[in-house]
Amino acid sequence: MKTNDIPWFATNGQLSAMQRWRIALAAVGRRLAARRRTAVVGQMPPVDAGALDYLVPPRDSLSEAALAIASRVQAPWLLQHGLRTYAWATLLGMTEGCRIDATTLYAASLLHDLGLTDFAAEPPSHCFAVRGARAAMRIAEASGAARRQAESLAAAIAAHLDLTVAPELGVEARLLQAGAALDVLGTRVGTIAPEQRKAVLARHPRLGMKSGLCRCLEREAIQAPDTRVALYVRRFDFLALIERAPIDD
């Protein structure tokens with residue numbers, strides 16, 4: 001993947017009228033599909049609270065750089081959201097039998113909301129996911145990551161607000177979006193066994209994430225009115241969906 005091919009980079013995450021309509025239609029389709037879905041959601045086998053010990057974060061320069069930056073510039077609730085996103089994404093990948101680049105997924109999980117911080121706040125009219133993706137790519141390159149990995153990382157972050165992630169972006173991008181959606185909206189939460197959910201939340205508490213995230217997204221919807229998150233907030237009552245998510249703070 002070339003930098004110019006990274007989703008949303010060319011437009012800075014700003015939507016055209018056609019893209020708004022496509023997102024609206026896709027959202028309606030997803031809601032109808034969810035209402036029709038009656039099958040029982042499968043779960044991983046129940047395990048004890050120590051089951052997450054196999055989710056040891058990768059130890060390499062990119063992973064350590066991502067953790068260092070995230071710990072320094074993100075509020076505690078946002079840092080824990082990133083760590084939970086990695087846990088959920090990895091567990092969802094395991095249920096599907098996916099082979100995952102753990103480093104890319106870990107770094108993307110920790111940095112996917114970097115655009116909500118002062119570290120990547122400019123230009124404010126650009127989509128926060130794109131701002132964060134560009135900053136994450138610079139972090140990856142500074143850590144010595146290969147250009148291809150840095151671009152894959154940026155693509156995953158830029159696309160994590162999409163309702164559906166394009167397959168060509170890779171399994172890490174898809175799982176990042178799924179893990180973040182689970183943590184923010186409770187999407188597919190029933191896929192994770194109750195014991196595993198409790199273990200993740202005990203290890204990475206939510207710390208009032210709902211209110212903190214809603215404040216950030218409300219600000220983004222105002223200062224970047226032509227972006228995906230602004231559309232979600234205005235048209236799909238996104239903040240209320242966050243507050244009603246079936247995971248308590």
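Start with helix 3, residues 76-95. At 1.5 Å a residue, its 20 residues should span 28 Å, and the end C-alpha atoms lie 29 Å apart, which agrees. Keep in mind throughout that this is a predicted model.

**Helix 3 and its end**

Colour helix 3 by burial. It is mostly covered, with 17 of its 20 residues buried. Now step just past the helix to glycine 97. Its phi is positive, at about 70°.

**Helix 8**

Select residues 194-203, which make up helix 8. Which of its residues are buried? Show Gln196, Ala199 and Val200. Look down the helix axis: these buried residues fall within an arc of 95°, so they line one face of helix 8. An α-helix has 3.6 residues a turn, so residues three or four places apart point the same way.

Turn to the face directed away from the buried side. Lys198 and Ala202 are exposed there. Then go back to the buried residues and bring helix 3 into view again. The buried residues of helix 8 pack against helix 3.

**The nonpolar core**

Next, display the largest nonpolar core, which has 79 residues. Helix 3 gives the largest share of this core, 10 residues. In soluble globular proteins, nonpolar side chains tend to be buried together.

Which members touch the most others? Pick Leu111 and Leu217. Centre the view on leucine 217 and show what surrounds it. Setting aside neighbours within four places in sequence, leucine 217 contacts Leu116, Phe128, Val229, Val233, Phe238, Leu239 and Ile242.

**Aromatic rings**

Stay with the rings. The whole structure holds 3 aromatic pairs. One of them joins tyrosine 232 and phenylalanine 236. Such a pair is described by the distance of the centres and the angle of the planes.

**Aspartate 237**

Select aspartate 237, in the loop between helix 10 (228-235) and helix 11 (238-243). Its phi is positive, about 55°, although the residue is not a glycine. Aspartate 237 is partly exposed, with a relative accessible area of 44%.

Move to the segment before helix 1 (17-36), where tryptophan 8 lies. Tryptophan 8 also has a positive phi without being a glycine, near 75°. What is its relative accessibility? The value is 16%, and tryptophan 8 counts as buried.

Now select phenylalanine 9 together with arginine 134. The charged end of arginine 134 sits over the ring of phenylalanine 9, 4.6 Å from the ring centre.

**Last stop: a cis peptide bond**

Go to the loop between helix 4 (102-111) and helix 5 (128-142), and select proline 123. Show the backbone from glutamate 122 to proline 123. That peptide bond is cis, with omega near -10°.

Conventions:
Residues are numbered from 1 along each chain as its sequence is written. This is a predicted model: local features need pLDDT of at least 70, side-chain atom pairs count only at pLDDT 80 or more; totals for chains, interfaces and linings use all residues. Side-chain values use heavy atoms; hydrogens and water are left out. Buried means under 20% relative accessible area, exposed over 50%, partly exposed in between (1.4 Å probe, protein chains only). Helices (H or I, at least four residues) and strands (E, at least two) are DSSP runs, numbered from the N terminus. The arc is that of the directions from the helix axis to the C-beta atoms. Contact means heavy atoms within 4.5 Å. The expected span of a helix is 1.5 Å times one less than its number of residues. A nonpolar core is a set of buried Ala, Val, Leu, Ile, Met, Phe, Trp, Tyr and Cys residues joined through side-chain atoms within 4.5 Å. Rings of Phe, Tyr and Trp (its six-membered ring) pair if their centres lie within 6.5 Å; planes under 30 degrees apart count as stacked, over 60 as edge-to-face and the rest as tilted. A charge sits over a ring if NZ of Lys or CZ of Arg is within 6 Å of the ring centre and within 35 degrees of the ring normal.
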